Amino acid sequence: MTLRGKIPFLAGLLIALGAGWIGFPYAIYQRRPQPVDFSHKVHADKAGAKCEDCHSFREDGTFAGLPSLDKCAGCHAAPMGATVAEKNFIDQYVTANRQPRWAVYARQPENVSFSHIVHVKRAGMTCESCHGDTGSSDTLRPYQVDRISGYSRDIWRVQTTRGGVPMPHGMKMADCVECHRRKGLEHSCLDCHK
Amino acid sequence: MKTTRREIMLFAGGSAVGVLFTPAPWRLITDTAMWSENWPGIPRPARGEIRSRYTNCALCPAGCAVRARCVGDQPVALAGVPGHPLTHGALCAFGLAGQHLPYYPARVKQGPVKEAAAAVAEGIAKCGPSEHVVTLDLRPGRTVSWTYRRAMAAVRNGRYVAATPEIGGPVAVDLSQARTVLSLGVPVLDGWGTPGNVIAARPGFRLIQAEAVESRTASMADLWLRIRPGSEDALARGLAGTITPAAAAEATGIPESQIGAVARELADNGPALVLGTSLLASTGRTIVARRETPVPEEWRKAAPVTDLASLPDGSVRVLMIDESAPGEYLPWNAIEKKLAPDNPVVVAFAWSLEGYGRHARYVLPVGVYPEVADDIPPAADSVAATFRIAAPLVAAPAGLVKPEGFVASAAGLPLGDTLRQRADAIHQTGRGSLFTSADGKSSALKEVSADDFWKALNAGGCWIDSPDDGAATAQLAPVAGAAAAAEDSELPLVAVLHRELTPGSPILSKLYQESNLRLGPHGVALHPSCGLEDGARAMFQTLLGKCPVEVALDAGVPPGVVLAAASPAVLDLCANGARAKVVPA
């Protein structure tokens, strides 16, 4: 076969590689903006808030997760500042008494059992161990959900390395397994998939 | 430039090769698998605040107190209530999985309610002077039982039939006082009474179990008397002295000396308690009088409790059967004899078709524990009258029927909130104490308002009557299930029913079905000397009829006994201890 004869094959090969490595990862995720342009950084710096002030444990040890509107309205009954985000939040949620429908990056699927209090209180892990620098972010990145599985992009990955290079830790199953293995803890399927 | 077919094929081939070196196909496989884990129809556990709610288990007459761990409003795990004065924190395997029962796969959820009401009304109108309108109650002693009795009193020729002697009557067993317990086939350690109470009292008494088969109670007893099948009555008479020890030994197959030793132990190591016979009613400290749980005075105008056998054959024109609460199952073939020969009306209030619903003309769906409120009569080993409500933990599906409402409506009996009326009647007595499960505290009823009493009952609370010091000495009635069968040469075997099919979680049924360690629904076990082959098809026959079974040979089953799984077909033919035979099909 001549070089000219190989061109269609190579073209198909290159287009497929490009689509598979660049186009597919983009297309497989649906991007959804968060309802409010929330700044963790502002709340940490100006209000001196800590993670557990809003993301608290209940008395029985269960994790309350995201704060409800009542918690926000405790300070934001009236606009604090003149930003557009603040005005929108007050008008659309606080005044209307409507709960923001936050998209939770770390939302685990139904078949996963995860206990925050065991990891925070017993293992002494910091929030950043899994959630990275979310607590110091100035804006909320779009929530990305897998169009087929419905899982958040932040929670699912099999490999802990890419090309032999360790990937940053997060909230994916591979991260859980890797951390448990590193610390010599049990990591059987039924630990989390009860 | 002209594109040839060869070039298109090359392009496609290149694309196919290229795709294989990208994450796309592999990711699609993974994503599809994960999608299948979450597609619609797969049950999803509720998310929400975790809290405890309290109720009482209605799966059996013990009525154990239950603490439900709920996520939002959905109960996800059940446990006992530590410190409970009646149930002592215990909960059996069925109780632990009780929250699954509403999701029973074969549950009845729809039924011809209007047609059934019309047929019952017509049947009552056409009921002849020698015919009866009957309500059969599988668990007597409840507040709905009083409604049935009142309704039957309001109907011409109405009869209220209870499957077993009414629990909650004037007699109770005080296990805590017993030092020696002789059980004639009563499953003392396997579902009799209140499990937590039995376990709590167990260290205090020596248990002698007289039984032909090595039941779970026999295997855990201090002494197992392996008597001949059906010879419980002979043993009792030998111990009572109405027959000679030699005759008792001959009938039971155990040595005369052992019968003498048991008699001495009952006399010397008292207080003694004998269960399963009225011949040795050990009145006094172990058999105590118990007051009836109070009811409003106007309810006293009620039909008496009738035995099925007292009804003439062919006399029942209308039969309404409440099997919403699991209870003793009367053989259908015995009931069928009582029905009028020409087109009787039979209505079953059932949540599954595994009981009388297989035979009834109308099957009406009812709620199950823990989705409907129902009270629980005191158990046989409850020394004081009690009142507890199985408060709902989940919402009942639409379209269900309230049996008491249906029966009362058919009888033209106005019906209010009967549970509340009875709670008020109890409160008016001012007697006894109220135990609240949430804080584990007891308080005198006199200190609690009627509204607070009602609220506490609906939050798993329990009213316990005060001791009745002036009560007359009680007499122990024979315990159901231990009746000895008369000798019958045509039916040489004694049927021992293997009860593993108690209504409960489908998960428990699944374990039972897959373990293969227990008799299947159509299985019977016989001694290898029976003359049949292992796995053979055979007919199980009693006085009431016969049904096909599969034979399993087991050297652990004594000769003269047929161990039968208590399947619906077998329960239609006999009760525990009945005479039977197994013949080749």
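A residue is called buried here if 20 or more other C-beta atoms lie within 10 Å of its own, exposed if 12 or fewer, and partly exposed in between. The tour below applies that wording to a predicted model.

**Stop 1: helix α12 of chain B**

Select residues 403-411 of chain B, which form helix α12. This helix is mostly covered, with 7 of its 9 residues buried. Colour the buried ones: Pro403(B), Glu404(B), Phe406(B), Val407(B), Ala408(B), Ala410(B) and Ala411(B). An α-helix has 3.6 residues a turn, so residues three or four places apart point the same way.

Next, display the elements against which the buried residues of α12(B) pack. Among them are the helices α4 (113-126) and α5 (143-154) of chain B. The strands β4 (132-137), β13 (316-322), β14 (345-350) and β15 (362-365) of chain B also take part in this packing. Then step just past the end of α12(B) to Gly412(B), where phi is positive, at about 70°.

**Stop 2: strand β21 of chain B**

Move to residues 493-498 of chain B, strand β21, of which 6 of 6 residues are buried. In a regular strand the side chains alternate between the two faces of the sheet. On one side of β21(B) select Leu493(B), Ala495(B) and Leu497(B); on the other select Val494(B), Val496(B) and His498(B).

Which strands pair with β21(B), and in what sense? Strand β26 (residues 579-584) of chain B runs antiparallel to β21(B) and is joined to it by 2 bridges. Here Leu493(B) stands opposite Ala580(B). Strand β25 (residues 561-565) of chain B pairs with β21(B) in the parallel sense over 5 bridges. In that pairing, Val496(B) faces Leu563(B).

**Stop 3: backbone details in chain B**

Most residues other than glycine have a negative phi, and most peptide bonds are trans.

- Tyr369(B) and Pro370(B): the peptide bond between them is cis, with omega near 0°. Pro370(B) lies in the loop between β15 and β16 (374-376) of chain B.
- Asn157(B): phi is near 60°, a positive value in a residue other than glycine. Asn157(B) sits in the loop between α5 and β5 (158-162) of chain B.
- Asn343(B): phi is near 55°, again a positive value in a residue other than glycine. Its loop lies between α11 (332-338) and β14 of chain B.

Are the two asparagines buried, partly exposed or exposed? Asn157(B) has 18 other C-beta atoms within 10 Å and is partly exposed. Asn343(B), with 11 C-beta neighbours inside 10 Å, counts as exposed.

**Stop 4: the domains of chain B**

Colour chain B by its domain assignment: domain 1 (5-38), domain 2 (50-103), domain 3 (128-162 + 304-413 + 423-464), domain 4 (175-285) and domain 5 (493-584). The C-alpha centres of domain 1 and domain 4 of chain B lie 75 Å apart.

**Stop 5**

Show chain A, which has 9 helices and 4 strands. Along the sequence these follow the pattern α-β-α-α-α-α-α-α-β-β-β-α-α. The radius of gyration of chain A is 21 Å, well over the 16 Å that the globule rule gives for 194 residues, so chain A is more spread out than a compact globule. The C-alpha trace of chain A spans about 75 × 45 × 30 Å along its principal axes. Of the 194 residues of chain A, 9% count as buried.

Finally, select the contact between the chains, which takes 25 residues from chain A and 25 residues from chain B. On the side of chain A, helix α1 (residues 3-27) gives the largest share, 13 residues. The residues on this side of chain A divide into 15 nonpolar, 6 polar and 4 charged.

Technical notes. Residues numbered from 1 in each chain as written. Chains lettered and ligands numbered in written order. Predicted model: local features only at pLDDT ≥ 70, side-chain atom pairs only at ≥ 80, totals over all residues. Contact = placed C-beta atoms within 7 Å. Nonpolar A, V, L, I, M, F, W, Y, C, P; charged D, E, K, R; others polar. Rg over C-alpha atoms; globule rule 2.2 N^0.38 Å. Domains from an automatic or database assignment. Pairing = 2+ DSSP bridges.
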